[in-house]
Amino acid sequence: MASESSFDATTSVRSLYGDIKLPSGCYFPFSAPHDVEITRLLRRDLAVTRAGDLVQIVDMTTMKPFTTAPLHYSDLICRLLWRRAIYCKILGGDILNSFGERPAQSVRCNAIYLDSVLDWIKRPLKIAAESNPPGRVRLLDIYMIEEFYVGRHEPSAVICWQRNNPTINLRGIDILSKSFNWQEPAQQFGDAWEGSRHCWNTQSLSDKCLESVVDNCKVLFEDFYDHPYPRMDTHPEETEETRCYGGDVID
């Protein structure tokens, strides 16, 4: 990814996003994450606050801002940090020991991938927040669309889901549309896992509620998506440098 000092208003989308390509899963970690990566995930405690017309993500361990985002991303960021906090709950104790070996690795990989996505979108979110009109961050949109429909981010899972749902074009969905129905994941993956019943706040989770979240998680991750492709194919027309997501969305 290009350094902040090299960025200006005319920088290409490739410079803005590094070489992140669509689908976002092309950077999914296929090998088991190292313990140091899990430790880093658990040590960073991120929370979301409202700052005027912006959304601010704060690192509560240092009490320093992590990044700012446009207000239209408020709900998505709440849901993203809820998922991250749930992964931390599962990985921070002995809960994962009750999972099978393959589902446990999948949970670890998805958790580390989520944290990597946060690092990748940190600067683009800030740029989008400072744009007039406020901009969009494609990687965040795609990540949350996959989270909403597929529930997990292994490229094999996304491909398998897409093959089973050929009439739905994940890349053509506007996740910020007012008509987007967020109630569906509660029905598909369980309302405990989806988080709205807990207002996306893990601090209010009782032990019984956490058990329900873990049960939903097991159902999602123990259904292994098995198919021959180790990675999702990335076509030239689907790369970030061919798309512009500023105030306007250009396909």
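The lining of the largest cavity divides into eight nonpolar residues, no polar ones and four charged ones. The model is a predicted one. A search of the whole structure returned one cavity of 30 Å³ or more. The volume of the largest cavity is about 140 Å³. Its lining contains the aromatic residues Trp 82, Phe 148, Trp 182, Phe 189, Trp 193 and Trp 200. Met 144 and Pro 185 also belong to the lining. Arg 79, Arg 83, Glu 147 and Glu 194 complete the list. Four helices each supply at least two lining residues: α3 (74-91), α5, α7 (184-189) and α8 (191-194).

The strand pair β2 and β3 was examined next. The two strands run antiparallel and are joined by six bridges. They form a hairpin, with four residues between them. Within this pairing, Val 58 has Pro 65 of β3 as its bridge partner. Five of the seven residues of β3 are buried, so the strand is largely enclosed by the rest of the structure.

Lys 64 belongs to β3, which covers residues 64-70. Lys 64 is exposed, because its relative accessible area of 54% is over the 50% cut-off. Beyond residues up to four places away in sequence, Lys 64 touches Val 58 and Asp 59. Leu 46 lies 18 residues from Lys 64 along the chain, and their C-alpha atoms are separated by 10.0 Å.

Met 63 sits in the loop between β2 (54-59) and β3. Its phi is positive, at about 60°, although Met 63 is not a glycine.

The peptide bond that joins Asn 132 and Pro 133 is cis, with omega at about 0°. Pro 133 is placed in the loop between α4 (101-130) and α5 (138-149). Helix α5 is also one of the helices that supply at least two residues of the cavity lining.

Helix α4 holds Val 107. Val 107 is buried, because its relative accessible area of 0% is under the 20% cut-off. Leaving aside neighbours within four places in sequence, Val 107 is in contact with Tyr 87, Ile 90, Leu 91, Leu 96 and Phe 99, and also with Cys 217 and Phe 221. Glu 222 is 115 residues from Val 107 in sequence. In space, the C-alpha atoms of Val 107 and Glu 222 are 9.7 Å apart.

The cysteines were considered last. A disulfide is a covalent bond between the sulfur atoms of two cysteines. The structure holds zero disulfides. Cys 88 is buried, with a relative accessible area of 16%. Cys 109 is buried as well, with a value of 3%. Both residues count as buried because their relative accessible areas are under 20%.

Conventions. Residues numbered from 1 in each chain as written. Predicted model: local features only at pLDDT ≥ 70, side-chain atom pairs only at ≥ 80, totals over all residues. Heavy atoms only, no water. Buried < 20%, exposed > 50% of the residue type's maximum accessible area, 1.4 Å probe, protein only. Contact = heavy atoms within 4.5 Å. 1 Å grid on protein atoms, 1.4 Å probe; cavity = no way out; pocket = protein on both sides within 12 Å on 5 of 7 lines; lining within 4 Å. Points joined across faces, edges and corners; volume = space filled by probe spheres on them. Nonpolar A, V, L, I, M, F, W, Y, C, P; charged D, E, K, R; others polar. Pairing = 2+ DSSP bridges. Disulfide = S-S within 2.5 Å.
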